[in-house]
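Open the model in your viewer and keep the selection tool at hand. Each stop below tells you what to select and what is there.

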Amino acid sequence: MSQRGLRLALWLGTTAVALFLWGTSVPLGIPGEWTWTRLIAADAETLDRWLGLIVAAVTAAVFLGVSWLCARGIESAGRLGIAARLAMLSAAAFAWLWVVQDSPPGTWRMQKSVLVLYSPGTSGYFFHDRFRVDDARRFLSDYEAWVRKGDVLHFGTHPPGLFLLHRGVTKLCHASPALTRALLATCPATVRETFDLLDQYPMGAPARMTAADKASLWLAALLTQLVGVLTIVPIYLLIRRTAGRRAAWWGATLWPLVPALAIFLPKSDALYPFAGAMFLWCWLEAAARRSALLGVAAGVLIFLALATTLAFLPVALLAVAISLLEWWTERPPVETTPAPSATPTASIPPRHLARAIVPWISGGFAFLGLIALARFALDVNLPAVWLQNYRNHAGFYSQFTRTWWKWILVNPLEAAIAVGWPVALMALSMCAGALISRNEPRRSRIAALGVAAVWGLLWISGKNSGEAARLWLLFDPWAVWLAGLAFDRYRSTATAESNRLARDVLVLQAVAAVSTVLRVFGFDFMTG
């Protein structure tokens with residue numbers, strides 16, 4: 001597709017999605033199985049909605065302005081300059097996400113930061129730790145038996161990593177009154193009002209929250225948003241493996257504008273993209289550089305990730321597939337060894353094979369070592385927990401009706417809206433180019449085909465029949481990665497033409513973010 005055709009498709013698609021969300025009442029999902037909620041402002045909130053729209057649009061423009069200014073001189077910047085630019089972009093992204101979450105009308109604002117993390121229906125980790133667990137060590141030792149009870153929702157389908165994370169945050173706030181005071185002083189009015197509401201209606205809790213409890217919820221929300229924002233860094237690094245700095249920068253700028261990120265903050269799903277993307281970069285670079293240290297880092301990251309959810313298994317599959325394909329296509333020439341009275345034999349040099357397995361050994365050692373450490377230090381048999389989590393997840397579909405063929409049709413559309421039409425189209429164009437053209441850089445082609453294959457398997461498996469917008473947030477960095485590679489693919493000797501494409505993609509992605517976040521709500525506090 002030509003740049004002109006691509007830009008036309010970007011404008012038409014973004015407009016069509018906005019009209020669909022705002023101009024129709026077509027259910028966002030499949031009625032009777034799962035649908036997302038459209039935010040509808042009451043008559044008294046109409047002005048509120050327009051003000052929120054204006055504030056969000058202005059903040060998005062400021063964010064893009066910061067990105068555009070930081071992009072100046074990026075080609076000649078040193079490592080410190082790149083790090084400073086990424087820090088500035090991250091700070092601007094954090095502010096953008098704060099504002100856009102507080103822009104919907106009425107009661108659909110930052111109240112969710114507290115309610116999502118407190119409510120047993122949407123998360124429950126804080127609630128369970130604070131009001132139901134007296135002895136954390138005993139709870140962990142009994143965790144395997146507990147998940148065998150067959151719960152198909154939060155605890156039954158997750159290892160104890162998120163519970164430990166929330167417990168650590170709560171303990172930190174209880175141990176530091178100064179930190180508690182500082183955190184509560186930063187709460188916006190909507191969050192303070194929600195705390196007051198929970199004091200009156202504690203959702204079945206046997207006691208009211210203390211000041212430290214409230215501070216821990218707010219700290220957990222802030223940390224989740226920070227980690228979600230920092231996904232900018234591994235996305236930049238992934239794109240830089242095969243593309244120029246400018247393409248990597250535009251790709252990194254796209255990430256905070258992914259609608260699903262703002263919609264599903266502060267749920268733990270917003271933590272996962274950073275861990276998945278950083279693991280992917282560490283593993284691919286460990287394999288490419290034959291680095292034991294990066295192999296260890298990758299092993300630690302995938303352990304920590306899988307200690308929170310098995311949803312990282314497709315990330316591990318993608319990492320292994322891409323690294324093996326890169327190794328095979330970049331292997332040295334085969335040595336031919338003549339054998340007496342026989343045909344010559346061909347082999348890969350032993351030294352090359354020995355170096356290639358270094359990250360596999362170091363990463364595997366780190367991963368298995370941490371499993372053993374969890375077994376002996378915390379009395380948690382993670383392999384057994386993972387197996388039962390998988391069985392419980394399969395049991396979800398026996399309790400909640402999901403029609404496979406309907407979701408096969410709906411999920412790609414939902415995913416395109418969740419990641420933003422501009423990102424989706426750029427990623428698709430990269431995949432199409434990898435299939436059709438042989439002129440793409442080898443590693444870029446492997447990345448595009450690998451992402452398409454793994455995401456395709458996930459799609460047809462039907463494992464995420466419903467809530468794909470949230471459940472696939474973990475994989476949205478893949479789409480942004482490919483979108484960044486597409487910037488490099490469409491680079492032109494005419495700098496003005498390339499700049500126009502970047503401008504259109506970024507502006508339209510901001511439009512997609514604002515129009516989606518202010519229209520779609522990602523939580524049901526009654527059912528989760």
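Predicted model: local features only at pLDDT ≥ 70, side-chain atom pairs only at ≥ 80, totals over all residues.

Residues are numbered from 1 along each chain as its sequence is written, and side-chain values use heavy atoms, with hydrogens and water left out.

**Stop 1**

Select strand 1 (28-30), then strand 5 (520-521). Strands here are DSSP E runs of at least two residues, and helices are H or I runs of at least four, both numbered from the N terminus. The open sheet has 3 strands in the order 1-2-5, with antiparallel pairing. Strands 1 and 5 stand at the edges with a single partner strand each, so one side of each has no neighbour in the sheet. Two strands pair if DSSP finds at least two bridges between them. Look across from L28: W36 in strand 2 stands opposite.

**Stop 2: the core**

Which residues touch the most other members of the largest nonpolar core? Select W96, Y118, W249, F312, W478 and W481, out of 165 residues. Such a core is a set of buried Ala, Val, Leu, Ile, Met, Phe, Trp, Tyr and Cys residues joined through side-chain atoms within 4.5 Å. Buried means under 20% relative accessible area, exposed over 50%, partly exposed in between (1.4 Å probe, protein chains only). Helix 15 (residues 272-289) gives the most to this core, with 11 residues.

Zoom in on W249. Its contacts (heavy atoms within 4.5 Å) include S67, C70, R85, L89 and Y236, not counting residues up to four places away in sequence.

**Stop 3: helix 22**

Select residues 421-436. The expected span is 1.5 Å times one less than the number of residues. For these 16 residues that gives 22 Å, and the end C-alpha atoms are 22 Å apart, which agrees. Buried residues here include P422, L425, M426, C431 and A434.

**Stop 4: R241**

Go to the loop between helix 12 (232-240) and helix 13 (245-254) to find R241. Is R241 buried or exposed? R241 is buried, at 15% relative accessible area. Among the residues R241 touches are W281, E285, E326 and R443.

**Stop 5: the cysteines**

How many disulfides are there? The count is 0, taking a disulfide as a pair of cysteine sulfur atoms within 2.5 Å. For C173, the nearest cysteine sulfur belongs to C187, 10 Å away. C173 is buried at 1%, and C282 is buried at 6%.
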